[in-house]
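Student: I have a model open and some labels to check. Can we go through them one by one?

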Amino acid sequence: MAGETGGIAGVSLDCADPGALAGFYARLLGGEVLWQSPASAGVRVPGSTLVLQAVPGYRPPEWPGSALVHLDLDAGDDLDGALGRALAAGAELAGFQPDPRWRVLLDPAGHPFCLTTVTPPGAGRTAGGAPAQHRAARHYVQPDGLPPGNGYSHAVAVAGPLLVISGQVPADARGQVVGAGDPVAQARQVFANLSAVLAAAGATMAQVVKLTVFLTDLADLGAFRQVRDEYLAGGPPPASSLVQVAGLVHPDFRLEIEALAALEY
C-alpha cells in the first residue's frame, strides 16, 4: 500500500493521542512505529513516514463533510483485502460510502480515511482539511565514526522547499524582553516565537531540520537543551550549531535562534 505520490506518502495527521494510533496504522500499512511520545508519533510505511501530531482538545472531523486522508493501494493489492486488514486492525466502516471504488473508514479514534484504487474527491488533504503534507527530509542522527549528538542530528538531507527563519529572540509581540535574567523563560519565549513563525507558514516544529543557536553564556546551555527537548520531544532531531557570542542586539537577550524547516506539500 501507499505509493510515493498521493496515498500516505508523508501525510501528517492531527489527533488527540498519537501513541494510541501509531500501532493501528503500523498494522494497517505493514510498517513499524519509529517513535512515539505525548507530542507525536511516527510510523514508517513503504516510501515514507506517517507523522501523528498531538493537538490538545482535538476532535475528529465529521464524515461526510470533511476531507479525507487517503491511502492508495499498490497495483498488487486489492480493495477487499485492504478493507479486511483495516477492520481487523480496529477500524470501522463509515455509514456513508459515496463511491464503490473506494471505502471510507474510521480509525480507532474516529478519524475518517479512505482506501482507494483511484484518487477520490478531496484527495491530497488531511483529515482536518489542510493540504496533505509530504515529508522530504532524512535524518542522519549518528553516522558511523561520529560521536553521539546531544539532541541533534549530524546531518539532515532535504528535498523540496525550505523555510528560512530569521533569528528569534526572547521578545513578545510588543517587542518587550521576556524573562530578563531567566534562561529557561527566555528559551521558552524564543521557541514560542519559532513555533509562531512555523505556524504562519503552515508548518510545525517537527519540520525543523536545522537550528543555529547563539548563547551569550554557555552556563545557559542546560536551560536551552531543556526547553528544546520540550518542543522537539519524540521526533528525529534537527541538525544544530551552537555559537557563544559576546552579546546580542539587546543587553538582556541571553540567546537567539535561527532555524531552517522543510516545508511539506
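Tutor: Start with Leu221, which lies in helix H4. Keep in mind that this is a predicted model.

Student: Why is Leu221 called buried?

Tutor: Its relative accessible area is 19%. Buried means under 20%. The value of 19% falls under that cut-off, so Leu221 is buried.

Student: Which residues is Leu221 in contact with, leaving aside neighbours within four places in sequence?

Tutor: Leu215 and Leu242. Contact here means heavy atoms within 4.5 Å.

Student: And how far is the C-alpha atom of Leu221 from that of Pro183?

Tutor: The two C-alpha atoms are separated by 8.8 Å, and the residues are 38 apart along the chain.

Student: Now Leu162. What makes Leu162 partly exposed?

Tutor: Leu162 is found in strand E11. Its relative accessible area is 43%. Buried is under 20% and exposed is over 50%. The value of 43% lies in between, so Leu162 is partly exposed.

Student: Next, helix H3, residues 183–200. How do you know whether its span agrees with its length?

Tutor: Take 1.5 Å a residue. The expected span is 1.5 Å times one less than the number of residues. For the 18 residues of H3 that should give 26 Å. The end C-alpha atoms are 26 Å apart, so the span agrees.

Student: What caps the N-terminal end of H3?

Tutor: Asp182 does. One of its side-chain oxygens lies 3.1 Å from the backbone nitrogen of Val184.

Student: What do the buried residues of H3 pack against?

Tutor: Strands E11, E12 and E14, and helix H4. The buried residues include Val190, Phe191, Leu194 and Leu198. In an α-helix there are 3.6 residues a turn, so residues three or four places apart point the same way.

Student: Last, the whole protein. How many helices and strands does it have, and what share of its residues is buried?

Tutor: Four helices and 14 strands. Buried residues make up 42% of the 265. The accessible surface comes to about 12300 Å², with 53% belonging to carbon and sulfur atoms.

Technical notes:
Residues numbered from 1 in each chain as written. Predicted model: local features only at pLDDT ≥ 70, side-chain atom pairs only at ≥ 80, totals over all residues. Heavy atoms only, no water. Helix = DSSP H or I, 4+ residues; strand = E, 2+ residues; numbered from the N terminus. Buried < 20%, exposed > 50% of the residue type's maximum accessible area, 1.4 Å probe, protein only. Polar contact = N/O pair within 3.5 Å; in protein donor to acceptor, adjacent residues only side chain to side chain. Areas by Shrake-Rupley, 256 points an atom, 1.4 Å probe, with all protein chains shown as cover.
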